[in-house]
Amino acid sequence: MTNLVDIKSHLSNDPIDHYIMDHTFRPTAEQNELIEYTRSLPEKFALMIGSADAAQFFQMLIRVSHFKRCIEVGTLSGYTSMSMALAVPDDGLVVTLDIDDKYVRRDIWEKAGVAKKLDLRIKPALDTLNELLEQYGENSFDFIFIDGDKPNYVNYYDLCLRLVRPNGLIAIDNTIYTGFVADPSKNDINTITIRQLNDKIKLDQTVDVCQLRLGDGTTFTLYYYLASSIGQYIYNYYLTTYNPSAVGSFQTLESVSGMTTSLSYNKEFNQCKHRSSSAPAQQWAQQQSSNLFFYQTVAASAPTIAMTYILGLYTHQLGRKFVLILTMFGNVLQYVIWLFTIHYRLPDYWWYIAAFVSSLVGGGNVSGFILNLIITDSTEESERTSKFLYIGVVCTAVGAFISLVIGFWIEYRGFIDLYWTALFLQLLTIFIVYRYMKSDSFVPVLSNNSSHYKKKIDSKCSQLIEICTVFTPRHTYRSRKRSLSLIITLIAFIFHILASLAFSVPFLWFQLNYPFCWSAKEIGYYNTVSSIIWCIGSVVGLKFLTYTRYSDAVICCISHIFFVMSALWTSQAYYNWQLYAGLLISPFTSYQGSLTYSIISKWLEPSEINSAYTFITEISTILNVFGNSFFNYLYSVTVSRSRNFLILVAAGLGLIPLVLNCFLYFVTKNLPDNSDNRITECKPILIPDHMPIRVPVGTDTILLPASTGRKFDLHQMS
Ligand SMILES: C[S@@+](CC[C@H](N)C(=O)[O-])C[C@H]1O[C@@H](n2cnc3c(N)ncnc32)[C@H](O)[C@@H]1O
């Protein structure tokens with residue numbers, strides 16, 4: 001069995017230890033002085049000093065990893081703390097904890113010029129660690145050395161796991177405990193606790209571990225656990241940067257808008273019990289996160305709105321392939337800026353720059369617009385409802401699956417990897433679209449009798465007017481029934497988006513905070529269950545609705561009833577199971593989104609569809625931009641009084657499209673449709689090179705896009 005003296009390299013009698021120390025140990029004068037001083041203490045304490053080679057190794061780790069914030073549990077005379085303080089940069093910090101400062105030599109710290117980097121806290125270390133969680137929040141330290149009283153080792157480890165940041169390091173001293181851990185006859189409380197800790201770490205897959213025969217066996221754990229997706233990342237970032245004394249200097253929405261500061265918190269505000277960050281820190285982080293999202297959407301608002309309009313207007317000229325690639329390229333730029341922002345911890349405005357840059361090419365709405373055009377072009381009117389529903393289901397299922405993968409990915413690989421992968425996939429998609437999507441897969445075909453359409457494309461100006469007025473009842477050829485249906489559908493769509501935003505904007509903060517206080521792992525589990533239920537629910541719902549042959553308006557009504565129920569249920573949820581139970585109806589809550597395109601395409605002329613979709617996309621972009629900002633703002637000012645206020649607002653908003661769809665049902669059922677002069681709906685056909693071409697019924701000649709200049713006879717083709 002190892003002699004206790006042998007395990008401190010600088011006190012060892014082993015010639016090899018002597019040789020190693022002789023060749024590699026480079027103490028400063030102050031370090032030597034502290035070693036000498038500690039040696040002079042009563043033997044019990046003299047032997048407690050950390051091993052000098054271990055301290056030197058920590059210094060090397062701190063320097064190469066650019067660690068800034070460190071903790072030592074168990075100070076004794078302050079040797080290892082001083083060594084760490086010598087290694088951290090000038091603005092670094094070493095918080096060192098002990099129950100007693102009898103032997104601490106602050107004077108030597110002063111002499112070494114590191115006293116200002118050392119924060120000595122004298123009280124039971126468990127209390128101090130909890131205090132540090134309150135003060136700095138979770139994931140806020142780079143390096144922690146545990147070397148306090150052994151019976152508390154497991155407790156120290158648990159708290160330190162929360163304090164250390166992802167990819168930070170925890171070093172634990174005495175994990176071999178002079179070999180006692182491997183000796184079954186040793187069953188004192190210290191040995192038992194250290195064995196328990198070693199066993200715990202052995203089973204913990206969220207950390208990387210290595211146990212070195214350094215000093216008395218120091219275990220290193222590399223903390224991989226990354227807390228959340230981008231919203232979670234931002235929320236956690238704020239939790240960790242919370243500084244009560246500096247909060248006044250942060251620009252909050254309240255200070256910007258000159259409203260009463262809600263940073264004076266209600267003392268009785270409930271907080272997450274398993275997050276030891278303080279209630280003010282949590283509330284502050286929520287406000288900061290929603291503020292950040294507010295400014296992000298504001299930054300993206302004008303370019304998104306303008307570009308959606310411009311790209312919608314010029315899609316025919318630029319080609320869908322080009323527009324699609326352009327929007328994807330915006331995502332690429334966004335990922336790159338995110339990666340830089342996270343990696344270099346750039347200031348907040350980089351998030352806004354990322355949003356601004358990606359919105360310069362239209363953002364996600366434009367790709368949705370292209371997809372909707374492609375679906376409409378390649379389907380007949382009768383199958384369009386089910387096609388839109390089906391695509392909605394596929395998108396939802398894929399989205400849910402992706403969020404599931406993301407949840408687990410973050411858990412095991414972290415944010416940086418995730419965004420690198422996203423970047424890679426986006427580049428791959430650009431390549432696939434570039435390589436395999438047919439250029440200009442659809443250009444409207446003119447029949448010899450569609451002079452109405454010819455007139456419309458005559459000038460850009462008339463297209464602009466067409467987009468803005470396509471829903472107005474000015475068109476003489478459109479019956480009252482059609483005009484009314486279009487307007488009702490449009491308004492229902494607008495309120496559906498608003499209701500969905502009011503529900504979705506606070507939902508992440510809702511999960512992260514009291515009473516749920518979910519970690520990334522728990523959000524990952526929720527996403528897993530959610531994705532499974534979404535897939536099954538959406539497919540079953542689709543089959544059922546196809547089977548019942550309900551009209552679009554009835555399907556939307558049912559969907560809105562589910563939405564209101566879901567929002568009311570969620571707003572009252574207090575236990576985890578209640579959030580899970582809410583998932584049972586959530587797959588049926590958003591049919592309005594996918595059906596709107598199908599509904600309006602039935603009431604419009606084929607030549608109007610492009611303008612109408614551009615208009616709808618524009619409306620949805622504007623609502624998303626301003627709705628997101630507004631609801632984030634509303635959440636930040638209401639959360640301190642009522643955590644579920646916004647979700648109740650969502651339920652209220654959801655009632656409006658419900659009523660409108662009931663009205664639509666009666667309009668479509670009872671009003672006559674007397675628009676005889678409407679151009680007949682085109683039938684899609686597939687020409688040999690699989691380009692979907694729209695042929696007005698009753699014409700025999702179709703004209704292919706000017707670039708091909710080909711002319712087909714329908715009879716020949718059939
Ligand atoms: C092994 S020594 C620390 C040696 C020091 N890390 C070094 O490298 O020189 C353990 C220290 O833990 C302190 N300690 C014991 N129980 C404690 C507790 N409950 N809270 C904080 N410190 C405690 C003791 O006072 C003692 O100074």
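**View A. Residues that meet between helix α20 and helix α25.** In this predicted model, R482, S485, L486, T489, A492, F493 and H496 of α20 meet Q592, G593, T596, I599, I600 and W603 of α25, where contact requires that the C-beta atoms of two residues, placed from the backbone, lie within 7 Å. These contact residues divide into six nonpolar, six polar and one charged, with Ala, Val, Leu, Ile, Met, Phe, Trp, Tyr, Cys and Pro counted as nonpolar, Asp, Glu, Lys and Arg as charged, and the others, Gly among them, as polar. Residue numbers start from 1 along each chain as its sequence is written. Because the model is predicted, local features need pLDDT of at least 70 and side-chain atom pairs count only at pLDDT 80 or more, whereas totals for chains, interfaces and linings use all residues.

**View B. The packing angle of α20 and α25.** Helix α20 (residues 480-504) and helix α25 (residues 591-603) pack at an angle of about 165°, with their axes 10 Å apart; the axes are lines fitted to C-alpha atoms over the stretch in contact, and angles run from 0 to 180 degrees between N-to-C directions. The two helices are therefore roughly antiparallel to each other, a term that applies to angles over 145 degrees.

**View C. Leucine L169 in strand β5.** L169 is found in strand β5 (residues 164-172), and it counts as buried because 22 C-beta neighbours lie inside 10 Å, the cut-off for buried being 20 or more other C-beta atoms within 10 Å of its own, placed from the backbone. L169 and V207 are 38 residues apart in sequence and, C-alpha to C-alpha, 9.6 Å apart in space.

Methods: Helix = DSSP H or I, 4+ residues; strand = E, 2+ residues; numbered from the N terminus. Parallel < 35°, antiparallel > 145°, perpendicular 65-115°, else oblique. Buried ≥ 20, exposed ≤ 12 C-beta atoms within 10 Å, placed from the backbone.
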